[in-house]
Structures are given as structure tokens and as C-alpha cells.
Amino acid sequence: MAIGSGLGAQLGIAAETTYGTYAAPTKFVEFTKEGLVLKKTTAQSAGIAAGRLMALSSRRVVTQREGAGSIDMEVTNKAMGVLLQSLMGTSVTPVQQATTAAYLQTHLLADVAGKSLTIQKGVPLTTGVVTKKNFLGCKVISAEFSCEVGGMLTASFEIDSKDCEETSVLAAATYPAMSPYHFGQMAVKTGAYGSETARDGVRKVSIKIERAQATDRFYANSSALKKEPITNDQVKITGSIEMDYVDTVLDDLHTSDAATSLLWEFKGANIASTYDERITFALPAIRIDDAPPTVEGFDVVKPTINFTSLYDGSNLPKIEYMSSDITL
């Protein structure tokens, strides 16, 4: 029997073979908050009948069903692969490094067609009985990663879902020993792609990746459920860097509107040999949209540099994830 509060909740995830077809959870992620809910569209018959003062309950119908919501979590050194693959789109197989226990996942930006998840959430009643809600056909619509002074690296995933059912068995949650990435492990570099140099004064970084998709593909013969969303706009990657005004490197890039590569990396414990746990966000070309070094009083000047990531013509944005996970 679980604890009868949020302490007894769980989230299990599995990649689907077919969009919207239940896949038993294989990974259980630790989360800080979730907002996955079933959304239904109803229609009420309103026919006039002599003397009837209210609409008939028996003539209310459900015309559409779908799910949506968000998952907030701390980014950890294990179990992130499935979510990263669903966000970035490339089919990834972890590559063993030499003969060690370290495995590298390289998540390059690609189309997300065929990348859907089953997300099962267990929600405890006050009695300790855990109810189950299985969200099928889950697509990652966007994700935002952020870390600031004294904090954890956090992620918020926005999810679109085909449906929610409550019949499949609640999986028994198991968790590997995991560690969160945090500010003390954070490195920020800019410069020419492949030879970036460390930036001083950085206090906070945020990156948001938005995968525009047509999530309204409701057709006849589909039993009120949608078809798999299709990419319907270019990927949008934006972010911000909050820093003390220690130099004019990024400010000058704002003035010239020149591009620079951004490397945002967190390194954890050593796995084996020269291979450390890490997550790396590589944006080969960013342009600074605004970086106003304004003086607002006696304190140190602290500009916030807002940027947009663009394609440099050769190198795609990517997320690298080094862990001991043999599979996603």
C-alpha cells in the first residue's frame, strides 16, 4: 500500500511501437510536478420537446478525446534517454565507449515522426490505493531546460496525448540510483564551433526547444481520437543567459549580430577511464536578440542576453548524454 498523498505517486514511460498503442512502462522517472489530464469535447442534444425543461442526460455525447499537460523534473544522470529522443527526433542507440560501462547517446535534431510514448501515472487515493492513468500517443511538444546559481538543472516537458485509458495494469515502479545535475557542475562556452571557450560571469542559462506539430488531426472513422501529430513549422530554439557584466564578448555579438556557437554542459562523476557522466547542449549557431547592459542602481550590472538558435548550414543542434544506461 502506497502513501496516500503525492509521496506515493509514480510516472512510468515507454517508447511506443505504434502511435497510440499501449506500451508497458520500462523507465520510471523522478518528477517534481505533473499536469497530465484527459481532455474531452462534449456536445449536448438540444431538441425541443413539449414541456421538457432540461436537456436529456442520455443525449450528451463525447465527440473528441485527447490528453495534454506538462512534466517538471530535475535532470539526472540516468533514465533521461527516452524523453530526449522524443524531443529531438533521432533514433538513438547508446554507444559503448571503448570497453567501459560508459554509453554515449547523441540526440541530433530530426523530425519526430514515429516518436511517441506511453506515459503511465499512478495517483494515490488518500487510502493509499494508487489509481492508474495511461496516456497513449504522447508527443513532446516542447521542453525547457534551466539552471541558475545554487540550483539544479531542471526540465519541463510539454506533452500532447492521443488518449487516456485506465485499464492497463499499474507497473511496479523501480528506480536506479540517480544523481541530479546542478550548478556546481555547469560550464558555458561560446566561440567557433568545436573550439568554444569558457565564458565568465554566467549566473543562469535557459534553453527552450519547441517542436511545432499539428495536434488537431481529428478525422471521421477515428472514434473521436486524433491521428499522430505532424510537424507543421520549423523548430524554434531560444534561450537566455543571465550574467554579471564582466566583459563585452556577448554584448559585441549583439551589436554586430554575428553568430557564435554555444556549448552548455554539466559533468558528473567518472564512469570509467576518461568518461564522465554528462549532458551537453550544443547549439552551433546562436544570434543575440538583445543584451541591454543597463545600470539600474548601485549593484553590479547584470544583463540578460536573449538568443535564438539557427542552423549554421552544416551542424545540427544536439544533446549528448553520457551515462551507464545501456538502453534508452
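1. Cys 147 is buried, at a relative accessible area of 1%; buried denotes under 20% relative accessible area, exposed over 50%, and partly exposed in between, with a 1.4 Å probe and protein chains only. The model is a predicted one, in which local features need pLDDT of at least 70 and side-chain atom pairs count only at pLDDT 80 or more, while totals for chains, interfaces and linings use all residues. Residues are numbered from 1 along each chain as its sequence is written, and side-chain values use heavy atoms, with hydrogens and water left out.

2. Zero disulfides are counted, a disulfide being a pair of cysteine sulfur atoms within 2.5 Å. Cys 138 is in no disulfide, as the nearest cysteine sulfur, that of Cys 164, lies 8.9 Å away. Cys 138 is also buried, with a relative accessible area of 0%.

3. Thr 260 belongs to strand S18 (residues 260-272); strands are DSSP runs (E, at least two residues), numbered from the N terminus. Thr 260 is buried, with a relative accessible area of 7%. Its contacts (heavy atoms within 4.5 Å), not counting residues up to four places away in sequence, are Thr 190, Gly 191, Leu 253, Leu 283, Pro 284, Ala 285 and Ile 286. A polar atom of the Thr 260 side chain lies 2.9 Å from the backbone nitrogen of Gly 191.

4. Leu 125 lies in the loop that runs between strand S8 (117-124) and strand S9 (130-148). With 42% relative accessibility, Leu 125 counts as partly exposed.

Conventions. Helices (H or I, at least four residues) and strands (E, at least two) are DSSP runs, numbered from the N terminus. A polar contact is a pair of N or O atoms within 3.5 Å; within protein, one must be able to donate a hydrogen and the other to accept it, and residues adjacent in sequence count only if both atoms are side-chain atoms.
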